[in-house]
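Colleague: I have a model open and would like to go through it with you. Can you take my questions as they come?
Modeller: Go ahead.

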Amino acid sequence: MDSDTRLDWADAYLAAAPTGDLFAGAAPDMAGHWRAMLARLATQATDDPATLADHVARQAADLGLAFRLTGDEQERAWPLGPVPLLIGAAEWSHIERGLTQRAQLLERVVADIYSTQSLVREGKLPASVVTGSPHYWRVMTDTPPPNSHFLHFYAADIGRGPNGEWRVLSDRVRTPVGVGYALENRLALSRATGDLLSAMNTRRLAPFFAELRRGLAADCARSDPRIGLLTPGRFNQSYAEQAHLARYLGLLLVEGDDLIVSDGRLFVRTIQGLKRVDGLWRWMDSRFLDPLAFDGGSRIGVADLYDACARGGLMVSNWPGAGVIESRAFGAFLPQLARAMLGSDLILPNIATWWCGQPRERDHVRARLDQLVVGSAFDQPVAGLPDAQFLPGASLDGVQRTALLDAMARRPMDYVGQEIVKLSTTPAVIDGRLAPLPFTLRVFVARDGSGQWRAMPGAFARLAGHGDIRAALMGRGDMSADMCVIDGKPVPPDSLLGGRAPAIRRIGGMLPAKAADNLFWLGRYIERAEMTLRLIRAIAGGSIEADLGPSLASPTMTRLVALLAQWGAVPGSGAAVGPLCATALGDSRQPGSVRALMGVVANIGEGLRDRLASDFWRLVRLPFPRFDGAVTETLLEASSRMIDRISALAGLAAENMGRGDGWRFHDMGRRMERAINGCRLISLFGGDQASDDDLTVLLDLMDSQISYRTRYLTGPALPPVRDLLALEPFNPRAIAWQAARLAEHIAVLPTLRADGMPEEPRRHADALVARLAPLTGDMLTMADIADAESRLLGLSDAIGQRYFLQVHKTESADILA
Amino acid sequence: MIYHVRHRTILHYATPVRLARFNLRLKPAPWPGQWTSDFALDVDPTPTIVESRPGGWPVNVARLVIESPIRRLTIESRFRAGVQGGTIAPQADDPAIGAVARAALLDRDVGPAAPAQYLYASARTPMLAPIGQWVGQGLDPDRPIVAAALALALRIRAEFAYQPGVTDAETPVADAFAARHGVCQDFAHMMVVALRLAGLPAAYVSGYLRTLPPPGMPRLVGADAMHAWVMLWCGPTRGWIGFDPTNGCITGDGHVFVAMGRDYADVAPMDGLFVGGAGQSLSVMVDVAPEEEPALS
């Protein structure tokens, strides 16, 4: 793209931009930044601006950014637009002051509702505005939070009108959904645009997150607190965001069943036993927190968490019940409450709202129905507004209008009227051109270490694909974008952690029992997938190299196929080689097929989102290689490609995973599965009657052909093969080698005993090593192999009993055990 | 009337429950016109923790934990209760429904028994349009509230079949309404929904009925287990009045109040977490007997 086209890009946009557009309406200094930024982006998009969008989207995908819409099975790719919104320091400081003021007001209102209720008694706030909220929990009354901080974070959706005035569309205190996406958007954009952001003096986000973490810690009872991010689990719409934030902030990502309340204190189950938890950043509604105190139907909460809150000494952010002030009906009262409680008007007003529970307001809404939107006051389904939380009054036909007015007459408190907002636009790349799209910003404030409110200098910008963009974070067809706050002078560089450096530590925190469980089974499934691939390769390979390998009808081949069937990769052994291998490779209905196993790997990996590198996801998400069941070469090729991928996963684990307990459990999973498979294979193909074919296949399956040839000049013979595969301490495929690694891992894992006695897994592992150590290949019997296998299964059970949650097993056991 | 109330529940499990954490809501909460004394709770096997906690509503909650494996759980509560006599009936100067609905929105109280707490839909009492259609003009704003609510209770008794066993504690009110049958819990939920659809504060009440009627009176339906009825706020002057849609009456001195909430979930006699324990079977025995008055010598 030459410089003329570059200018054209911005100029063409300006020529057609609607009034109030963020770029077109920018003051001269900001307009300069816009032009410079667009010129830079255009340079980067050498031929076609569309490539720019792809480039940013690829960065977002690499970061593992994804989300779900309600009803989605799979996560969707994150639609991140390449053009950030630019806001100058002066305009931002107005927004910042407005947000801080609102946070202070909301804090005081929530505190009043759950303590003295003076606002209600004095008639400043109708009781039925409080009780109408599904997030109001009376049981939290007189249960104050640590340091009386009901709120640690507050988020708002704000919109900018055509005259540049900002208004709050909705207040959010239940979960700060979007804050992690804002951070990820920033990372993706800065990766994709080099030094553009710092060249523009963009304010950094990192200090905000460091302060947010300090703010959470400040209200915990201990000075170096253990804080968990409580997630509803991997099916939640923003699970990816939660996992990223947990990792970024160094919080323990926990689900309800990781936690337990004992004697009114909260603990996390770890491989080192129960460990005290000082605080929770909850990403689930109060309703689900404790089935014994809130909604008895919750299966994702922690029994007696309420008691831990009531007893004191536990930080929960935001405090249960805080969500009461989120209802739209509240918007009608915040202006008066600001005057009454703060003695000032709201700097950032919300859109004008009339709650119909009051006679005068209801009459106003009825009279001006055509100029307003009508919505549910408490975000609940209400009569007369079918399928929609919000409807412009003017859009109703005669019948609908009568129905709505009738319903409103019976239950006026269920409705609000709101002014219709007109949103200003910002440039976005659509089909390779810049086009104006209406936008809203989700902005965030949080308490810092001293309890003061700080705003994140940035936002999650949502660009409307179509329709009303007030409801959720992202709707179908919407795009997100970064928002940059531009300073007049260079922003001092700031390390990610900012401020006071934390105490140096060399391992991550405590390993939760469930994470250990998942890592172990992740290892086992990956290893099982590899062995299944080797079986497929032996079967498919054997059929073409008839002279060199066993023929299809040979007893060796029959046993290979039987093993595939036993592992659930194929239904039976009747089929011809091609279809058989195709099924074992790619038929996801077969629980033991490679495709199904890799699906389980991805599933378990989801639950470990905060612990696995993005490279893991890249490998796991690669499309399954193509193959044709009728063409053996394609089966071999696909199997080899998959083995390469699994080797890459092993490489990641070997080279990139910190050597903490998490890595040990992952490695133990692989060792355990490999050792059990080794026993199974040796008993099938290395028995006393083993043929040459059998031994050749055995060496292949256990990937030890080369090792054998470097040691022996002759063809395969039983004692040396058995020694190499079962007992040799130098062969990383041998059973004894796996046993030694298992014993090493277990020896350094934490123990719960204070009396110096070995725990069960240690006894099992050491006994297994000792059992194999004195043997040599010529004295080894099949009974020894059977004994080793049963010892391995015993060890696996002992590991499960000692380290993992026993409440519910993972999706593990039935296929592999 | 003074009653001796005894309520025993026995649970059997085919496979043992390894850990039980549960709530019991069996001790009557204070309520105007009723006193309670000598409450006793026996649980076998003996639980590790028994403590009371606030329930948020006019409810007494006891928290229990049993940490040893159990196959059988017996819970028995006993108490004495005095219920004020006197019959409540519609009066000529009762407020109109519309006036009560407006007064409820103006009320400045968010306490446990404040009308504002009972105005809105809850999980088990969704605002079902078919119930509103069925009520028709029955709760129009100009009707006197007590008479209209009594008429509604009578209509529920007349048009819905009382059939124990066709519904259970988890049956949605919509299903019971559509099938035109159920037990006290279903009827109470239906009536609560109908009243709230008219903008009125209506609550769900759990309690007991006198087991054997006074001589010459018919036996009330629902006396062999815990009973449920409806509390309706009838304006600042008349306050809360109980209506029993199962028996089509205003509650009287045969009804012993235990707890009040927005729906069954708030007052469920027992709920909680039972780890393990498949194949549960349940037997319940309730006895509500008038205290023998000492014979005059």
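This is a predicted model: local features need pLDDT of at least 70, side-chain atom pairs count only at pLDDT 80 or more; totals for chains, interfaces and linings use all residues.

Colleague: What about chain B, what is the peptide bond from B:Asp44 to B:Pro45 like?
Modeller: The bond from B:Asp44 to B:Pro45 is cis as well, with omega near 0°. B:Pro45 belongs to the loop between strand 2 (34-44) and strand 3 (49-54) of chain B.

Colleague: Back to chain A. What is phi of A:Asp142?
Modeller: It is near 60°, which is a positive value in a residue other than glycine. A:Asp142 is placed in the loop between helix 6 and strand 4 (153-160) of chain A.

Colleague: Is A:Asp142 buried or exposed?
Modeller: A:Asp142 counts as exposed because it has 10 C-beta neighbours inside 10 Å, and the cut-off for exposed is 12 or fewer.

Colleague: And A:Ser148, where does that lie?
Modeller: A:Ser148 is also in the loop between helix 6 and strand 4 of chain A. Its phi is near 55°, again positive in a residue other than glycine. With 12 other C-beta atoms within 10 Å, A:Ser148 is exposed.

Colleague: Changing topic. How many residues does each chain put into the contact between A and B?
Modeller: Chain A gives 23 residues and chain B gives 26 residues.

Colleague: Which helices of chain A supply that side?
Modeller: Helix 5 (118-121) and helix 6 (127-131) of chain A each bring at least two residues to the side that touches chain B. Helix 6 gives the most, with 4 residues.

Colleague: What sort of residues are on that side of chain A, by class?
Modeller: There are 10 nonpolar, 8 polar and 5 charged residues on the side of chain A that touches chain B.

Colleague: Now chain B by itself. Which domains is it divided into?
Modeller: Domain 1 of chain B covers 2-83 + 268-290, and domain 2 covers 97-266. Taken over C-alpha atoms, their centres are 24 Å apart.

Colleague: How many residues does each of those domains give to the contact?
Modeller: Domain 1 of chain B gives 23 residues and domain 2 of chain B gives 21 residues. On the domain 1 side, strand 1 (2-24), strand 5 (70-83) and strand 14 (280-290) of chain B are the elements that give two or more residues. Strand 14 has the largest share, 6 residues.

Colleague: And the classes on the domain 1 side?
Modeller: The side of domain 1 of chain B that touches domain 2 has 18 nonpolar, 3 polar and 2 charged residues.

Colleague: What does A:Val443 touch?
Modeller: Not counting residues up to four places away in sequence, its contacts include A:Ile95, A:Leu99, A:Ile158 and A:Met456.

Conventions. Residues are numbered from 1 along each chain as its sequence is written. Chains are lettered from A and ligands numbered from 1 in the order in which they are written. Two residues are in contact if their C-beta atoms, placed from the backbone, lie within 7 Å. Ala, Val, Leu, Ile, Met, Phe, Trp, Tyr, Cys and Pro count as nonpolar, Asp, Glu, Lys and Arg as charged, and the others, Gly among them, as polar. Domain bounds come from an automatic or database domain assignment. A residue is buried if 20 or more other C-beta atoms lie within 10 Å of its own, exposed if 12 or fewer, and partly exposed in between; C-beta atoms are placed from the backbone.
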